[in-house]
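Open the model in your viewer and keep the selection tool at hand.

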Amino acid sequence: MQSHQIEMLFLDLTLILLLARGLGTLAVRIGQPPVVGEILAGIALGPTLFGGSLAHTLFPSDVRPLLTALASVGVALFMFTIGLEIEHQALRSTGRVSAGAAIGSTLVPFLLGIGLAVYLLRDHPSHNVTAFTVFIGLSVSVTAFPVLARILSDRRISTTSLGGLALASAAVVDVVAWVALAGVQAAAGGGSGHWRVALIVPFVAVLVLGGRPLLRRILLPGGVAGPLGPGQLAIVFTGALLCGAATEAMNLHYIFGAFLFGVVMPREGATVLRSTIHERTTQITGFLMPLYFVVAGFNVNLSGLGPSQLADFGAILVVAVAGKFGGTYVGARSQGMPGRSAAALATLMNTRGLTELIILGVGLQLGLLDGKLYSLMVAMAVLTTAMTGPLLTIVLRKPVGVPAWDAQTQPEPAHAAEAFS
C-alpha cells in the first residue's frame with residue numbers, strides 16, 4: 001500500500017464516520033432510525049450529487065477496494081449478529097397470529113413482486129429471467145429484523161404482545177429470505193463450479209452437529225456462562241469469518257456463512273453470553289457499517305431520472321408497500337387479530353433498511369440488477385423504512401391488543417389493551 005493510499009484511506013474513513021454519525025443523529029431527532037441517515041450519507045457521497053465528480057475526488061479508484069474490504073468485514077459481522085438474534089424458540093413455537101402474519105408478509109409481496117418483475121423486464125432485460133423474477137419478488141418481501149428491533153425499543157414496545165409478535169414474524173421472514181436468496185444465487189451464479197453449492201448441506205450438518213457442541217464447551221465451560229475473554233471473542237469472530245469464507249468458496253455469498261454461524265451459537269443458558277457478544281460485535285459494526293453504505297452509494301445514481309424511471313419507482317414502491325402491508329394485515333386478521341393491531345403489525349413489517357441493502361448488493365453483484373434499477377430499489381428501501389415511524393405513530397394513537405389464544409408466548413388477556421408511548 002502506497003503512502004497516498006494510506007492518507008486518502010484515513011481521510012475517507014474520517015469523512016464517512018463524521019457524516020454518517022451526523023446524519024444518523026439528525027435522523028433520530030426527527031423520529032427516524034439512525035440507519036436512514038446513514039444510508040442517506042452513503043448516497044450523498046456517491047455519484048448522485050455533482051455528477052459523480054465529488055465521489056471520484058473524495059474516493060479515488062485505488063482506495064475504493066480498501067473501503068470495500070473493510071465494508072465486507074462489517075457486513076459479515078453484522079450478518080453474524082442477525083443470526084445470533086434469531087430465537088430458535090420463536091421459530092419453533094410461533095403463535096398462530098405471527099405464523100399467519102409471516103406467511104402473508106412473505107407470500108403476498110413475493111407474488112406481487114413476480115408481476116412487478118415482468119413489468120420491469122421491459123426496460124431492464126436480464127440474462128437470467130427466472131432468477132431475476134424470483135429476486136425481485138424476494139427483494140420486496142424483506143423485513144429488516146435489526147431495524148425493526150431498534151424501532152420497537154425506541155418506542156418502548158419491544159416487550160409488549162405486539163412487539164413480540166413483530167419480532168417473531170420478522171425472524172421467520174428473515175430466515176426464509178436468506179434461504180431463498182441462497183437459492184437465487186445458486187441458480188444465477190452458473191460457472192463450472194456451480195456443483196459446489198451442494199456442499200452447503202454437509203456444511204450445515206457439520207455446523208449443527210459438531211460446531212454447536214464445540215462452541216458450547218468453549219464458551220460455556222461447565223454449562224455456565226462466565227466473563228467473555230478476549231480469546232473467546234477472537235474464536236467467535238474467527239468462526240464467523242471462516243464460515244463466510246466457506247460459503248463464498250461454495251459459490252454462495254459470504255453473508256450466508258456468517259449468518260449460519262450466528263444461528264448455531266449456543267442458546268440454552270447463554271442469554272448473558274449472547275448479549276455480551278452482541279454488544280461487542282455491534283461496537284465493531286458501528287464503525288464498519290457506514291463504510292458499506294458508502295460502497296453501496298457508489299452504485300446509486302438518482303440524478304437525471306426520467307419519466308420512465310419515475311414510473312418504475314412508483315410501481316416498485318406501490319408493490320413493496322401494498323404487498324407487505326396487505327399481506328401482513330390479511331395474514332394476521334385471518335388468525336383473529338383485531339384490525340388496528342393487525343395494521344400496527346403490518347406497518348412494522350414494512351421496515352426494510354439495511355437488510356434490503358445487503359440483498360440488493362448481492363443482486364447487483366450477480367448482475368441481476370442494472371445500475372438504474374439498483375438505485376430505484378435502494379430509494380424504495382430508504383423510503384419504506386422512513387415511513388414506518390410516522391405511520392406507526394398514527395396507528396398507535398389508541399391502545400391495541402392481541403388475541404388471548406396467542407398467549408402461549410404472550411400471556412396478556414384478549415381484552416387487555418396495551419398502552420404505547
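Which helix gives the most to the lining of the largest pocket? Select α13: with 8 residues, this helix gives the most. Helices here are DSSP runs of H or I, at least four residues long, and strands are E runs of at least two, numbered from the N terminus.

First, the ground rules. This is a predicted model, where local features need pLDDT of at least 70 and side-chain atom pairs count only at pLDDT 80 or more, while totals for chains, interfaces and linings use all residues. Residues are numbered from 1 along each chain as its sequence is written, and side-chain values use heavy atoms, with hydrogens and water left out.

**Stop 1: the pocket.** Its volume is about 750 Å³. Pro 34, Glu 38, Arg 150, Thr 282 and Gly 286 are the closest to its centre, out of 26 lining residues. A pocket is an open set of points on a 1 Å grid over the protein atoms alone where a 1.4 Å probe fits, with protein on both sides within 12 Å along at least five of seven lines; lining residues have an atom within 4 Å of a point. The volume is the space filled by probe spheres set on the points, which are joined across faces, edges and corners. Now colour α1 (3-29), α2 (34-44), α4 (64-85), α8 (145-154) and α13 (271-297); each supplies at least two lining residues.

**Stop 2: the core.** Select Met 79, Trp 178, Ile 255 and Tyr 292. These have the most contacts inside the largest nonpolar core, a set of 126 residues. Such a core joins buried Ala, Val, Leu, Ile, Met, Phe, Trp, Tyr and Cys through side-chain atoms within 4.5 Å. Buried means under 20% relative accessible area (1.4 Å probe, protein chains only). Centre on Ile 255. Beyond its neighbours within four places in sequence, Ile 255 is in contact (heavy atoms within 4.5 Å) with Val 75, Met 79, Trp 178, Leu 181, Ile 358 and Val 362.

**Stop 3: α15.** Select residues 339-349. This helix is mostly covered, with 9 of 11 residues buried. Among them are Ser 341, Leu 345, Thr 347 and Met 349.

**Stop 4: Leu 215.** Go to α10 (residues 200-219), where Leu 215 sits. Is Leu 215 buried or exposed? Leu 215 is buried, because its relative accessible area is 7%. Leaving aside neighbours within four places, its contacts are Leu 220, Phe 261, Val 264, Met 265 and Pro 266. Draw a distance to Pro 266: the C-alpha atoms are separated by 6.9 Å, across 51 residues of chain.

Technical notes. Buried < 20%, exposed > 50% of the residue type's maximum accessible area, 1.4 Å probe, protein only.
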